[in-house]
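Subject: Structure handover

Hello,

Here is the structure I said I would pass on. My notes on it follow below.

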Amino acid sequence: MRTVRDLAHVRAGDKGNTSNLVVVADSEAAYEELLAGLTADRVHERFAHLGAKEVTRYEHPPTGALNFVVRGVLAGGVTTSLRVDGHGKSLSSLLAGTKLPEESR
Amino acid sequence: MSSDRLRIGGGAGYAGDRIEPAVELSADPGLDYLCFECLGERTVALARRRSTEGGHGYNPLLEERTRAVLADCVQNGITIVTNMGAADPTAAAARVREIAADAGHDGLRIAAVNGSDVSDRFEDLHTETTEGEPVAAYRDRALAADAYLGVEPILAALDRGADVVVTGRVADASLFLAPLIYEFDWPYPHGEPSERIGQGIAAGHLLECAGQVTGGYFADPGRADVEGLASLGFPIAEVGADGDVTITKLPGTGGTVTAETCTQQLLYEVHDPSTYLGPDGVADFSGVSFAEVRKDAVRVEGAVADPPPETLKVSLGYDAGYRGVGEISYAGPNARARAELAGRIVRDRLSIRGLDPAELRTDLVGVDSLHGDLGDEEPYEVRLRVAVRSDDESTARGVAREVETLYTNGPAGGGGARMETDRVVGIVSTLVDRERVDPTVSVEEVEV
């Protein structure tokens, strides 16, 4: 089973209680596969247990990147969060490990 | 400017960042500006509280950084722009003057930019936070309220011949954009969409986290190998008068600048790429593309910015009580079950003692502390972490101590207990009308 990490790099940033996850595809083909397989719903499913309320996907074709804005996922945000990783920097790896559906290939 | 292109270095990506990369940049005779972005969301509120408790209101590394780079910057004609003034730009600028005087830099001009502090005009803030809560609810616990200033006061300082500009809260990208507008005499504020301002904002956004665009937060051994992370170099933007931008770094420094590192940083902490809001314009990054023009040099194209908005973002820092954290480790056979038992004991102890924190969480580091419990195999070692937040310091401390007492009162084999208590600064955001904010600039010469 392929994961996002097989096709892309991921970086997480934070603003308040919202995480943004930048997925940079390795190639045009990888970008097409991610466009088809890595939907906002799929990302929402992956982050729901951490409190994700809403996921918006922005496409950035010139760089072959997707930007996922995941709201409500940072336990209130880095300033008051009691989590080990208050920024959610490591959430990039949760997305990187997300499996892609076979039919998106 | 030593050539037709302006060269701006990113000297820091956050308050506590490494100093050597900025020293390397300041030794480059071809550099024109060295900008240090040192303010996270909480930083000003923390600094203001420090200053009310007898400490400095400016960046704790201001003196070390200034001493490390100033002589070379003076020698090479490099202007420094930084928000290390945090909660007290005036005191920070005075300290820089003292350091410059000690080093014999007679006549050096040091500017202080004030006016981001709007804590004395709460009634001018918009009534709701960006999350839709009433701003008034934070008034009694407010520690700081600062508007994100744009390029204007930095331009004023440069216009008055400043060699070092020390600001408080300024939007990150503005530190880098101001030198471009000043040196190239770009029209500002721009009345219609501007490609040059857009490119300048993009350059600033790419540089503001320093090492993140040169290969920091990128390496993944075997997947994305980055050479020389221990001596990671910080970025340089080379910008032409027409707004063409190349991101690069000094030869011989560690790290890498590629289209991928630039793409990750372009969208970092951005939501909708077509609407990146800042005080100097609403940037549209949706058409931005990158081209690798030589090793560690990436050309940036396609950014544009609408005119500056009528409102400025305000970060409001408030006292959110105390945080107590206690940790203890278990290893070997049945480690997870013993750590879980330890966590239950702590919770039971709290109810027996009547400690009732506002918030409590227990995590098993090595199992579920970062991504929740994904049901993977048993770990060899586990660290129980209990964290609480409470308005009451003794509750926070008491909970942390209950973890330590597991040494002799808990499951078998608990080791390496640690506890800590600290104060918590929360942040909410709101807006203020631009016309209600009044930045001021003072420039003073160093006298030896």
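Chain B and chain A bury about 3,800 Å² between them, and 54% of that area is on carbon and sulfur atoms. Please keep in mind that this is a predicted model. The contact involves 49 residues of chain B and 41 residues of chain A. On the chain B side, the residues that lose the most area to chain A are Arg223(B), His271(B) and His371(B), which together account for 19% of what that side buries. Three salt bridges are found across the interface of the two chains. Arg223(B) forms a salt bridge with Asp26(A), where the closest N and O atoms are 2.8 Å apart.

The rest of these notes concerns chain B, starting with its sheets.

An open sheet of 10 strands runs in the order β11-β12-β8-β7-β1-β2-β3-β6-β4-β18 in chain B, and its pairing is mixed. Its edge strands are β11 (289-294) and β18, each of which pairs on one side only. From one strand to the next, the twist averages 20 degrees.

Both kinds of pairing can be followed in this sheet. β2(B) and β3(B) run parallel and are joined by four bridges; Phe36(B) has Thr82(B) in β3(B) as its bridge partner. β11(B) and β12(B), by contrast, run antiparallel and are joined by five bridges. Here Ser289(B) is partnered by Glu301(B) in β12(B). These two strands form a hairpin with two residues between them, and Asp296(B) in the turn has a positive phi of about 55 degrees. Helix α8 (residues 259-267) of chain B lies across β8 (245-249), β11 and β12 (297-301), running at about 145 degrees to β11(B).

Chain B also has an open sheet of three strands, in the order β9-β10-β13, with antiparallel pairing. β9 (276-278) and β13 (304-306) of chain B stand at its edges with a single partner strand each, so one side of each is left without a neighbour in the sheet. Neighbouring strands of this sheet are turned by 30 degrees against each other on average, direction ignored. Strand β10 (residues 281-284) of chain B is joined to β13(B) by three bridges, and the bridge partner of Ala283(B) in β13(B) is Ala305(B). Helix α7 (residues 195-207) of chain B packs on this sheet and touches β9, β10 and β13; its direction makes about 110 degrees with that of β13(B).

Next, a helix with several buried residues. In helix α5 (residues 152-159) of chain B, the buried residues are Pro153(B), Ile154(B), Leu155(B), Ala157(B) and Leu158(B). Among the elements that cover them are β2 (33-36), β3 (79-82), β4, β6 (164-167), α6 (172-184) and β18 (440-445) of chain B. After α5(B) comes Gly161(B), which has a positive phi near 85 degrees.

Last, the aromatic pairs. The count over all chains is three. One of them is the tilted pair of Tyr138(B) and Tyr318(B), at 4.7 Å centre to centre with 55 degrees between the planes. Tyr138(B) lies in the loop between β4 (109-114) and β5 (142-147) of chain B, and Tyr318(B) in strand β14 (residues 311-331) of chain B, so the pair ties together parts that are 180 residues apart in sequence. Both Tyr138(B) and Tyr318(B) are buried.

Regards

How values were computed. Residues are numbered from 1 along each chain as its sequence is written. Chains are lettered from A and ligands numbered from 1 in the order in which they are written. This is a predicted model: local features need pLDDT of at least 70, side-chain atom pairs count only at pLDDT 80 or more; totals for chains, interfaces and linings use all residues. Side-chain values use heavy atoms; hydrogens and water are left out. Rings of Phe, Tyr and Trp (its six-membered ring) pair if their centres lie within 6.5 Å; planes under 30 degrees apart count as stacked, over 60 as edge-to-face and the rest as tilted. Buried means under 20% relative accessible area, exposed over 50%, partly exposed in between (1.4 Å probe, protein chains only). Contact means heavy atoms within 4.5 Å. Two strands pair if DSSP finds at least two bridges between them. Axes are lines fitted to C-alpha atoms, for helices over the stretch in contact, and angles run from 0 to 180 degrees between N-to-C directions. Buried area is the accessible area (1.4 Å probe) that two parts lose on being put together, summed over both. A salt bridge is a side-chain nitrogen of Lys or Arg within 4 Å of a carboxyl oxygen of Asp or Glu.
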